[in-house]
Each structure stands twice: as C-alpha cells, then as structure tokens.
Amino acid sequence: FFSCSFTKENFFNFFLAELEVLCSHLYEGTDLAQRMQAEKVLLELIDSPECLSQCQLLLERGTTSYAQLLAATCLSKLISRASPLPVAQRIDIRNYILNYIASQPKLAPFVIQALVQVIAKITKLGWFEVLKDQLIFRDIIADVKKFLQGTVDHCIIGVMILSELTQEMNLVDYSRPSAKHRKIATSFRDTSLKDILMLACSLLKELLAKSLNLQDQRQQSLAMHLLKLVLNCLNFDFIGNSADESADDLCTVQIPTNWRTIFLEPETLDLFFDLYHSLPPMLSQLALSSLVQFASTRRSLFSNPERAKYLGNLIKGVKRILENPQGLSDPGNYHEFCRFLARLKTNYQLGELVMVKDYPEVIRLIANFTITSLQHWEFAPNSVHYLLTLWQRMVASVPFVKTAEPHLLDTYAPEITKAYITSRLESVPVVIRDGLEDPLDDTTTVFQQLEQLCTVSRCEYEKTCALLVQLFDQNAQNYQKLLHSSVRNPLEITVQEGRLAWLVYFVGTVVGGRLTYTSTDEHDAMDGELSCRVFQLISLMDAQLPQSSNEKVELAILWFLDQFRKTYVGDQLQRTSKVYARMSEVLGITDDNHVLETFMTKIVTNLKYRGRCEPVISRTLQFLNDLSLVKIEAVKFMLQNHTSKHFPFLGISDNYSLSDLRCRTTFYTALTRLLMVDLGEDEDEFENFMLPLTVSFESVTRIFNSSFEQEEAKRMLIGLARDLRGIAFALNTKTSYTMLFDWIYPAYLSVLQRAIELWYREPACTTPILKLMAEFMQNRSQRLNFDVSSPNGILLFREASKMICTYGNQILSLGTLSKDQVYPLKLKGISICYSALKSALCGNYVSFGVFKLYGDNHFDNVLQAFVKMLLSVSHSDLLQYRKLSQAYYPLLECLTQDHMSFITSLEPHVLIYILTSISEGLTALDTIVSSSCCASLDYIVTYLFKHIAKEGKKTVRCRAVSQDGQRLLHFMQQNPEVLQQMMSILMNTIIFEDCRNQWSVSRPLLGLILLNEKYFSELRATLITSQPDNKREVLDQCFRNLMEGVEQNLLVKNRDR
C-alpha cells in the first residue's frame, strides 16, 4: 500500500510544491479561472494510478492544512467509487488513517473531520465483508476505545469517529441500492448503536462529575462532540421510514425495545437537564435538542404507569427550566425549548398531561412564557410556530378529555389569543417607523400561524370576539378621523392601515375557525358582528379610489372574503344561519346570494382600479376562479366589458412588466367558466364574448402588414396568447371548443406563426404562444372529436406542425448556449413543443396515415424537427431538466407504440442516441420517466420479436411488409450490447433496488430474455456468483421460478406467468 515510484528528493519537493500551490488556488483563491483550472487538475489526480501514493505524500509532507484536506477528499472519492478497491487495500487505508490521526491529534479540525469521514465510509461500505472468517470492518468500536483511553485530544477524535460513523450509517446514498443501505443500517442499529449511546452517556456523566471547566476549550469541544454523538444516535432512522425533516411536528422516534432500560432510568433525563443548566448556550442547545428526541420517544415503548412516570420527569424538567429562564435568552436555546414543548403535546394526550402532579403550575409557567414570547415578536420569530402548535393541539383536545382534573385552558387560551393579537398590532408602528422587515410580507408564516390561532381563538370565543370588536371599532374610528382630518398625516395613516390589515386577517381567521371547532348559533351571530365591520371597511377603502389604495389591507380583505366564502357560502349551509341576522340589519345582506353580489362587486372594483398591483390582481383572480357564481349583474358586466378601458391590467402599457401579463390566463379561465354556465350552442353570444380579442387580433394584423412597431405588437400578442390559453383551458366540450377553433382558424393562427418566426430568440414571447398551441392540442374530455365530415383535426395538426418546425429550425440557429441560458432560451421551448406533439399523437383525433397517402409532408416534417431538436440536447440535460424529461419520454413512448416505422427509418447514430436515452432513463428517480422508458423498450422489443417470428414463417405476404423490421434487426445485430445492457439494468433494479414501479419494469423483460437467451444465461450466472454462498441457492431458485412454464412468445398470458 502507498508504494511510491519516485526516487529523487528534489522531484518529491517539486511535485509537493506544485500540489500545494493548486490547493491554495482551489481553497483560498479569488480568481475564478485559476480556481477552475486548479479543480480540473486536482480532479485528474483522483483518476491517476498514483493517486494513493500522492495522497500519502500530501499527508506526510504537506506543509498546509489544505494539502491534507485535498488528500482526505481524494481518498473519500476513491473509496466511494462504484467499483470498490480490494479489501486488503481498504484495510490498509483505514489503519493508516487511524495511526496518522493518532500520531497527529493537533491537526486542523476540518482535516480531522475529512479523514474521519473516510474511515466512516470504509466501515459502512465494508460492513458485511469477510476476511479469514471475520467481519473485518466491524472492529472499529474496539479501535475507537483506544482513542478514548488517551488524552483529551485523542478522546475527542474517538468521539468524532463514532459520531461520523453513526451519521454515515444513517445517510442514504441514492447512487447505491437502497435495500443494501437498509440492511447495513439495520445491522449497525442491532449490533452497535445501543452500545455507542450508552458509552456517550457514560462519558457525559464523567464529564459532568468532574465539574466542567468552561474556560477549557478542549473540555468544551469534548462535550460538544459527545452531545452531537447522542443526537446522531437519537436521530437514527430506526425503521427505515426516512422521515422528512420539514415534518418536524409529526416526528416520533422509534426507539428499539431493547433500549427500554436506558429510558426507564430517571438518571438519563436528569443528565441532559443538568447538562442544559451547566453548559454555555452553544452547548446547552445541543442538550435541549437531545431532550426534544427523548420527549418524542414512541408511546408503545412504555407501559401506562411507566409512561406516566416518564412524562412526570419531563414535566419536572420543564418546570425547572421555566423557573430559571436565564438560558432561554439565547435564540438557539429558546428555539429548541419551543420545539421541546411542542413535542410534549405531539406525543402525549391532554388527559395524560393534566394527571401530572405539577400540571397546574407548569401550564401557568408555559402560558406566561408564551405570552412573553408573543410580546417580543421580533425575537426568534421562527420559534413561535412551535408554541402555537402546542396551544392549538391542547385546545383541539379539550372535547376528548375524560378526567375530572381541570385542564385550565379556558383560563389561559384567551390570554394567548389576546397576546398574539395585541402584539401584532403593536408591531406595526415599530416596523413602519424603524423600517424593519414587515411580518405581513412573509405570508406563508402568517397564514401558518393564523391557522394555528383559529383553533386557540375558538376557546372561550366570546372573549376573543369582544376583544376584536373593541380593537376594530377603535382603529376604524381613528382611521376615519385621520382621513377626514384637515392636515393628513401619511405616516399615521399607513400605521392605521397596517393595524386594520392585521385585524381583517384576525377576523378572517376566527370566521374560518368555525369549520374546525364545535360552533353554536351564538358563535355564528358573533361572526356576523365581526364580518359586518370588515364589509363596512371594504366600502370605506373603495370610496377612496382611485386616489389611494393600500396593498396590505386589500390582500387581507381578500383573505377574509375567501374564509367567509368557505364557511358561510354554499349549499351545505342553511340560509338561515345566524351570521346573516346582524349583517341584514346593518348592511342589508340577508343570505349568501347577496354576499356573492358583494364579492363580485369587490372583484370588479379591484380589477378596474388596482391593475398595477400584481399581488392584489393575482389574489383577486384566484378568488374569482374559486367562486361558483350565478348570473348576477357584476358577472354580466365582466362578460360584456373585459377590455383595458374597464380593467387596466388587460392593457399593453409599459407600466406593466411582461411577467405581470401571466395573471390574464387565470382571469380568462375564470371568465370563460362563467360564460359556459349558459352558453350552450349560442354562437352569437360566443362571438360577442370574443369581440375584444377580435379587435386586438385585427390591430396586430394591421401592424404586421405595415412597417410595424415591434414592441407594441409583441406585447399585444403575448397578452392575447395568455388570454386565449385561459379561454381554451376552460372550454371542455366539443361544441364550445369548435366555436373557438372556427374563430381562430385560419387568420389568427397565421399571426402567431409569424410571431414565432420573428421573435424566436425571446422566450417571453415564444413561451406563451407555444403553451397556447400545446393547450389547443389537448383532447381533454374528447373536445377535439370533430364531426366525421370535418377536417379540423388534420388542419389543427398541420398548424401545430408548422409552428414546431419553424421554432425548431430557428432555435437551432442560435448555436451553442451557456449553461445559464440553455434552458430558458432553448430547452424550455423544446419541452413545450414535445408536450404539444405528444398530445397530438395520443389525442386520437388525427389519422396520421392520411398524410403519406395524399403526399402531405406535415407529419414527416414535424418528426424530423423532433429528431433535430433532440440531437441538439445532451443526454445529461434530458434527465437534468424535469419538464424536458417529462415531455420527451412520454412522447417517445407514443412514437414507439404507434409509429415504429418512423423509429426504424432513423439513421444508426439517431437510434443509438434514442436507445441510450432509454437506457439512462430506466434508472431515473422520476417514475414518469422510468415507466415511459420501460414502455418504449417493451414496444421496441415486441416489434423486433414479432418481426423475427414472421421472418421464420417465410410466407410471401410477410416478406413485403418486413423491410422496416429488417432494418431494425440489422441494427441490433450490429449493436447487440445495447439491449444486453438494458437487460442488465432491469435485472439489477428488480433484484437489488427498492423498485417503485415493478410492473412497468417487468413488461420489457420477457422480450429481452427471448431475444438474448445466451446473454441472459451469462447474466444469471454472474448475478448468482456475486451473492454470498448462503444466498446463491435462493437466487438460483428465484431464476428457475421466473422462467418456469415460459413459452417462446409474447402473448399477455405468457408475460404474466
């Protein structure tokens, strides 16, 4: 190992100096070109036959930490290769690194970390490897114990090795079979993990017993690594469910049953609470993180008495922390403690919590802590989520508590609600005057917190309503005074509007909370009282138009309207709901029909006057899209007046960016759905509806026919393409779609074709037009099944063919594009073209044989365009860009299913490209891609098998039709490795990997086996030989079962054996 062929000392020194210069450029350099060159040269080092000896040179004689880091990185990449190094060599590397770090414990921490990672990888990948009847890579624990008996520095390295090993064992490497990972992880869990946790806890007890010297950096470092080790043990994926870290509040730690003794000892929990109180903040938060996992231990680990005792110890620890809250001033500690509290309610029922001895005192302390946290809204805002989760789940559990013990939530929940509401109102002037980041701008967090608050607020709902009524009246009156004041104060008005925005959100929240909590008529009446105030505010805000408008208030109002719609508008609710009693007195709104009219008036007002505010327009259109409306006056007005005169956002003014035009698609989808309610077969009504678009298209046509102003025409066409796509999306009947086709063909489609020719370099223009064509080609709900006497299906395909060919030819003229430009300028458009072509081929509304019969080349042209565009895309890009792969592979499936004559006519290099893309797609993580690849391969193999079967019959009739098949057969005979490689991939996938679409993978397998029986026998022997001795007979039997009773045909019955 590490044999070195260099003989001259000066050459050693020269080579080492060169490597260190490159390391300096790579890790410290600021010149990008220099760094890229250094990276290129150093990557070549990994592939060099002398890689190991050069790594040894860097480790032993390198003068900089970066040289040692490079050596560790190279070794890591070498170990991780798909084809592993020999066992003896890996043992030598592991032992060399262990001796190296033992002899040099003062190395830079990042170098030690990198070398420890190499040891962990070697151990994991060789976990089941046997040498001289010994599992030689499992003695790592014994090696580590030698480190633990040395100096503090050696002890730290030992703990780092265990920590990294635990983390590596838990890490899923998606480039390797997942079944093998689970097997290794499970074995490690069962043989080593418990001992590692007990060792870590034992060392922490010793450390705590010695009276920690917090000034000693080495002791601090040891404590940190020990706590990280414990955390890695508790975070281990015990049952292989790969829990999503984002689902933090749903996590249960599936502790193995044989760990019970550790968790039943009160000293275990006490240790971590003591560590929290003894360590500085950077370390104490790790102790709290461990306690979060202890609190999340699965319930079934304990009997009922044991669980009650364990919960009692957790609550005792919470009480101790809250009675000594100094450590919670650190944001890290505060965040982990909030997570800890949330996990308590996630894992334990309210009935169990109230039975704990200290519950009344602890719930009081938690309530005070929550109120203080909410009042300091600017401190660690991301942690509030966990506190609200706790209270939300506590309140939601109230109806199910069977014990006589008081839960006290009716006392504390209203206080939590009040603290949240008042703190947010008090934040407004601070945010505006100090120019801070407004919490309202983070709508995702706001909506998440409001959803939690709506449950809490419904506890003692009378108190919540009384508070909101008082605050709303007070702030609305102040706002009116400011508006009518002779000297307007813009700052004060903005502050007041910010408070009103929050209050409207709160009203929407509590009204929406009706669905999640048992409600009464009295509660509905209170909702009516609150809703009246918001509807009055809407009138007040709209009365100021068009002079002034506040975006935050408008967005809050739209949120409220949507919550009110979900709660009180619809057939499922009685029209006599008490919510309308007060609204009838104050506003004259007596039922949900009146409310719908109010909604539509608000929608029309927003679209008319707030066209320049994209967020408001977008939310308004989404609200319109969600409504089920009857034909009321506001709807009729919109259907008859959808022009820029009434709705400015439909204009082409330079005040709007091109991206703002996207909302027009949503607008026209909603509007067309309203039109469809009573449209039927009334062509005149459809023509009237399309009149504004007709006028716009005529204007564009006139501009095109003169020396035109490009920018104006471009903006008009982008808007029209988005409008028409929204209309086409909503037309799901044959009658209505035919009206649209008759309107647009042929005059206006030629305008779109011209635009593609002119502006192919500008995705902002081509993307909407191509997406419109793709929408036209969609035979959704059989809307394109034209009458038998109609040529519309063929005419539509011809237009699509022209557009795809034009775009394809033009886009290829752009030449080579940079990495950041290739998707927006080229690949996105190609993916849309492929999607449109796939819709046409699978839509079943065009008889493609007609084209060749009558000498029409549109079908051939579009297929050639498909090939040209495909060859301009690299295989890596095909799989890297999800939208492209999800368009290309289903299209290829259509072509191989129905157009094999085209596939067989392709040049050999094109066939190689397509078959290689299938081969690479077979192992894709995206099941759409892998399933389409399997289907395509199955169609190709079946076609080839049937051709060979027909050739064997030698009848006159078969010879005439076999030319296409003969070409494909000849190609496969010239390139036998293509199908053989795919058979190997499929067999390995089925045997060794967690296959998510096994049925799809199995489809092409029989055809591949029957076409390559000799290779199948060789592959079978190789796979069996690769298994351990005790598994070979099992796998051999599986192969025998697979082929038992299989006949030499591809009939469905034979495939399904």
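Figure 1. Helices here are DSSP runs of H or I with at least four residues, numbered from the N terminus. By that count, T672 sits in helix α29, which covers residues 663-679. This is a predicted model, so keep that in mind for every view that follows. Is T672 buried or exposed? Its relative accessible area is 0%, so T672 is buried. Leaving aside residues up to four places away in sequence, T672 touches F689, I727, A730 and L731.

**Figure 2. M739 and the residues it touches.** Here we move to helix α32, residues 734-744, which is where M739 is found. M739 has a relative accessible area of 8%, and because buried means under 20%, M739 counts as buried. Which residues does M739 touch, not counting those up to four places away in sequence? They are L679, G680, E681, D682, E683 and F686.

**Figure 3. The cis peptide bond at P746.** Look at the bond from Y745 to P746: this peptide bond is cis, with omega near 0 degrees. P746 itself lies in the loop between α32 and α33, the latter spanning residues 747-758.

Figure 4. The model has 2 cavities of 30 Å³ or more. How much volume does the largest cavity have? It comes to about 90 Å³. Its lining is made up of I315, L341, L344, L353, Y359, V362, I363, I366, L390 and M394. Two or more lining residues come from each of α15 (331-347), α17 (359-375) and α18 (384-397). Of the elements, α17 gives the largest share, with 4 residues. Sorted by class, the lining of this cavity has 10 nonpolar residues, no polar ones and no charged ones.

**Figure 5. The largest pocket.** This view turns to the largest pocket, which holds about 1,300 Å³ of space. Its lining has 32 residues, and those nearest the pocket's centre are P177, K180, F992, S1026 and Q1027. What classes do the lining residues of the largest pocket fall into? There are 18 nonpolar, 6 polar and 8 charged residues. Helices α9 (178-209), α46 (977-992) and α50 (1029-1043) each supply at least two residues of the lining. The largest share, 5 residues, comes from α46.

**Figure 6. Helix α46 on its own.** With 16 residues, α46 reaches 22 Å from its first C-alpha to its last, close to the 22 Å expected at 1.5 Å a residue. Which residues of α46 are buried? They are V978, L979, M982, M983, S984, I985, L986, M987 and T989. An α-helix has 3.6 residues a turn, so residues three or four places apart point the same way.

**Figure 7. Two loop residues with positive phi.** L408 has a phi of about 65 degrees, a positive value although L408 is not a glycine. You'll find L408 in the loop between α18 and α19, where α19 covers residues 409-434. L408 is partly exposed, with a relative accessible area of 22%. E460 also isn't a glycine, and its phi is positive too, near 55 degrees. This residue lies in the loop between α20 (443-457) and α21 (461-484). At 31% relative accessibility, E460 counts as partly exposed.

Notes. Residues numbered from 1 in each chain as written. Predicted model: local features only at pLDDT ≥ 70, side-chain atom pairs only at ≥ 80, totals over all residues. Heavy atoms only, no water. 1 Å grid on protein atoms, 1.4 Å probe; cavity = no way out; pocket = protein on both sides within 12 Å on 5 of 7 lines; lining within 4 Å. Points joined across faces, edges and corners; volume = space filled by probe spheres on them. Nonpolar A, V, L, I, M, F, W, Y, C, P; charged D, E, K, R; others polar. Buried < 20%, exposed > 50% of the residue type's maximum accessible area, 1.4 Å probe, protein only. Contact = heavy atoms within 4.5 Å. Expected span 1.5 Å × (residues − 1).
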